[in-house]
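Here is a short report on the structure shown below. Please keep the model open while reading.

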Amino acid sequence: MSDPQRIDVHHHILPPEYLSALQGAGISSGAGVPFPAWSATEALAVMDRNGIRAAVTSISAPGIHFGDDAFARELARRCNEVSARLVSDHPTRFGGFAVLPLPDVKTALLELEHALDTLLLDGVVLFASQSDGRYLGDPEFDELVAELDRRGAVAFVHPTVPRSSEGIRLDVPGFASEFTFDTSRAILNLVWSGTAERYPNVRWIFSHAGGTAPFLAWRWSLLDAHPRMRERAPQGVMHYLRRFYYDTALSANPHALHSLTQLVGPSRILFGSDHPFAPEGITRASALGLAAYDGFDDAARATIEHGNALSLLPGLRARWERE
């Protein structure tokens, strides 16, 4: 594809340091999918072949925390340093979302400071649910969210297979079902808990078009009459859902886009590929799906493919403009 302009905000890395650490912990797959091969060279080749000018990298499921705070702290630092080196080596091609060692909030705050102030990464990736079973919106995470709010930071939210799903007797890979529900629970809990109301300056980006959130939005809005919702989210569910951002990873098709665009307009949607967990054919299908969708004109498509990312990520925009 010629004249690459897309910015991919849902683009994963699997550096050797990460895979080696997970192998030592007995982990060889994420959400039922064996870890795919990854290299910066191949990522750039896929980007070039699919009109992607820049990608913002992140660690995907299963994340970095498996019950050992020290392990998670050290692995977060190694992964974030890899992300920063990618940006340094390819400043106009890569950005980076820092991974944090949650649910340990104290060390997550320290790593946030290092990642954003020293490594100069573009935001953070947070998992919808944590290894201890808690979801974003839990009051135990308020100190971290308050700091993200103070900074006006971007928080890219990625699902995992939550602890509550591990005992379900369903022989289906977790990415196909549990991922979407995990994201949806986090979105609803951020509203229900009052987190979205208390910390309005966090720029939340939710994976995979928000999971099932667009489909369930009206149903959730019935909670507006609940006394707890009136107290903690007084502007109503729809207000908060329409303030969030959503990416198109595995969702650039009429079924998902019709639902998403009934909830938000192009100014809240960003391009995502899910590379390398999604093979290149799906990256190509995502680009073609956006091009073919009859709900977007050229201006809306440009806003989704790169305009919103440039607005949300000033560091990436500065590197883009220097090119």
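## Salt bridges

R134 is partly exposed, with a relative accessible area of 23%. The residue forms a salt bridge with D138. The closest N and O atoms of this pair are 3.9 Å apart. D138 is buried, because its relative accessible area is 18% and the cut-off for buried is under 20%. So the two partners fall into separate classes: R134 is partly exposed, D138 buried. This is a predicted model, and side-chain atom pairs count only at pLDDT 80 or more.

A search of the whole structure finds 16 salt bridges. Side chains of opposite charge can pair when their charged atoms come close. Another pair is D122 with R319, at 3.4 Å from N to O.

## A charged network

Which residues are linked in a network of salt bridges? They are E42, R49, E280 and R284. Within it, the side chains of R49 and E42 meet at 3.2 Å, N to O. R49 has a relative accessible area of 39%, so it is partly exposed. E42, at 38% relative accessibility, counts as partly exposed too.

## The largest pocket

The largest pocket holds about 540 Å³ of space. Its lining is made up of 27 residues. P62, F66, T160, V161 and E166 lie nearest the centre of the pocket.

What classes of residue make up the lining? There are 13 nonpolar, 11 polar and three charged residues.

## A nonpolar surface patch

I168, L170 and V172 form a nonpolar patch on the surface. Together they have about 250 Å² of accessible area. V172 is placed in the loop between β7 (154-158) and α6 (178-192). This residue counts as partly exposed, because its relative accessibility is 39% and buried would mean under 20%, exposed over 50%.

## Backbone exceptions

Most residues other than glycine have a negative phi, and most peptide bonds are trans. Several sites in this model depart from that pattern. The peptide bond from L102 to P103 is cis, with omega near 15 degrees. P103 is in the loop between β5 (94-99) and α4 (105-118). The bond from H275 to P276 is also cis. Its omega is near -5 degrees. P276 is in the loop between β10 (269-270) and α12 (280-292).

D274 is found in that loop between β10 and α12 as well. This residue is not a glycine, yet it has a positive phi of about 70 degrees. Is D274 buried or exposed? D274 is buried, with a relative accessible area of 6%. A209 is another non-glycine residue with a positive phi, here about 60 degrees. A209 lies in the loop between β8 (203-206) and α8 (213-221). Its relative accessible area is 4%, so A209 is buried.

## Buried loop positions

F244 is in the loop between α10 (237-243) and β9 (245-247). F244 is buried, with a relative accessible area of 1%. How far apart are the C-alpha atoms of F244 and A209? They are separated by 11 Å. Along the chain, the two residues are 35 residues apart.

I13 lies in the loop between β1 (6-12) and α1 (16-24). At 1% relative accessibility, I13 counts as buried. I13 and L313 are 300 residues apart in sequence. In space, their C-alpha atoms are 19 Å apart.

Conventions:
Residues are numbered from 1 along each chain as its sequence is written. Side-chain values use heavy atoms; hydrogens and water are left out. On a 1 Å grid over the protein atoms alone, a cavity is a set of points where a 1.4 Å probe fits but cannot get out, and a pocket is an open set with protein on both sides within 12 Å along at least five of seven lines; lining residues have an atom within 4 Å of a point. Grid points are joined across faces, edges and corners, and a volume is the space filled by probe spheres set on the points. Ala, Val, Leu, Ile, Met, Phe, Trp, Tyr, Cys and Pro count as nonpolar, Asp, Glu, Lys and Arg as charged, and the others, Gly among them, as polar. Patches are made of residues with over 30% relative accessible area and no salt bridge: like charges are joined within 9 Å, nonpolar side chains (Val, Leu, Ile, Met, Phe, Trp, Tyr) within 5 Å. Accessible areas come from the Shrake-Rupley method with a 1.4 Å probe; for residues, only the protein chains shown count as cover. A salt bridge is a side-chain nitrogen of Lys or Arg within 4 Å of a carboxyl oxygen of Asp or Glu. Helices (H or I, at least four residues) and strands (E, at least two) are DSSP runs, numbered from the N terminus. Buried means under 20% relative accessible area, exposed over 50%, partly exposed in between (1.4 Å probe, protein chains only).
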